[in-house]
Amino acid sequence: MLIDSDIGNDPVFLKDMAQSLEGAGFDALLTNDHVVGAHPDRQRPGESVHTYEVPCHEPLVFLAFLAGVTSRLELVTSIIISTQRQTVLLAKQAAELDLLSGGRLRLGVGIGRNWMEYEALQEDFSNRGRRIEEQVDVMRQLWSHELVTYDGNWHHLDRVGLNPLPIQRPIPIWMGSFAGALVEKVLERTGRMADGWMPQFPPGDELAGALERLRGYASAAGRDPSSLGIECGMRIRADDDPQAWVDKAAAFQALGATHLRVSTAAGGYTTPTQHLAACVSWRDAVAPVTAT
């Protein structure tokens, strides 16, 4: 279940929501990431990016809160824009969250597309694609070894280590891609480096072709393509026919999806409680498909 901006800020409701979703049989809670949003008039022609008008919880702090009120749910960033953060600090925060949640963290990472956010955080927007590869390598080493020495293009570590280390060594790293034109380099990087992919495409020929290429990239890197997780998603609306959810879930499963997420954003639900009820209804409808 993907947590969106429509759920509000009431900590009592957020606790109840997480516990209700856990009780309803969901396996994971996912949340997205934007540190800041700029004024809409700063967008360049043709851009449509996160603005200051759209709320977004800080993902690691939010998941830590949810970890404290749940016992079983996997906690997932979908995604955190890792290249606008300091790598070692992000590794430390993720390790702590994994430790205190009992090893329940899955870290979805991506490079984002909002240059204004990078500007505000004083990080380089132009080389973020190249930096994420080194960043992932550094984090995995920090999560797996007491001391790390690393001399890369952007990271230079001399016998340093995290203490405490996470339970998962290393924490699973998945990669996301924008819901638009697929960048082939992102797909290649995911097949070569990630533990899983979070595509934002409906079932169909485009997704089928991308998955075939993804598995080819994994094979070319000497990896087992079947080891990659594939998490597909759907956005639901208040006026949907639940049978459409079932059909879509079956189509994703036929393509090899290992995980399925749901989002209720912009779906015509007007209160947080309605969002919660919609998620539970969706889960009840698709459960027979996903259980097979």
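How many positive and negative side chains does the chain have, and how far apart do the centres of the two sets lie? I counted 26 positive and 37 negative side chains in this predicted model. The centres of the two sets lie 3 Å apart.

**Overall build.** I looked up the secondary structure next and found nine helices and 10 strands. The radius of gyration is 19 Å, close to the 19 Å that the globule rule gives for 292 residues, so the chain is as compact as a globular protein of that length. Along the principal axes, the C-alpha trace spans about 55 × 45 × 40 Å.

Of the contacts with a separation of 6 or more, 70% join residues 24 or more positions apart.

**Aromatic pairs.** My search for aromatic pairs gave two. Phe26 and Trp282 are stacked, at 6.3 Å centre to centre with 25 degrees between the planes. Phe26 sits in the loop between helix 1 (11-23) and strand 2 (28-31) and Trp282 in helix 9 (residues 272-290), so this pair ties together parts that are 256 residues apart in sequence. I checked the accessibility of both residues: Phe26 is buried at 5%, and Trp282 is buried at 4%.

Tyr118 and Phe125 form an edge-to-face pair, at 5.2 Å centre to centre with 75 degrees between the planes. Here I found Tyr118 buried, with a relative accessible area of 1%, whereas Phe125 is partly exposed at 24%.

How values were computed
Residues are numbered from 1 along each chain as its sequence is written. This is a predicted model: local features need pLDDT of at least 70, side-chain atom pairs count only at pLDDT 80 or more; totals for chains, interfaces and linings use all residues. Side-chain values use heavy atoms; hydrogens and water are left out. Helices (H or I, at least four residues) and strands (E, at least two) are DSSP runs, numbered from the N terminus. The radius of gyration is taken over C-alpha atoms; the globule rule is 2.2 Å times the number of residues to the power 0.38. Contact means heavy atoms within 4.5 Å. Lys and Arg count as positive and Asp and Glu as negative; His and the chain ends are not counted. The place of a charge is taken as NZ of Lys, CZ of Arg, CG of Asp or CD of Glu. Rings of Phe, Tyr and Trp (its six-membered ring) pair if their centres lie within 6.5 Å; planes under 30 degrees apart count as stacked, over 60 as edge-to-face and the rest as tilted. Buried means under 20% relative accessible area, exposed over 50%, partly exposed in between (1.4 Å probe, protein chains only).
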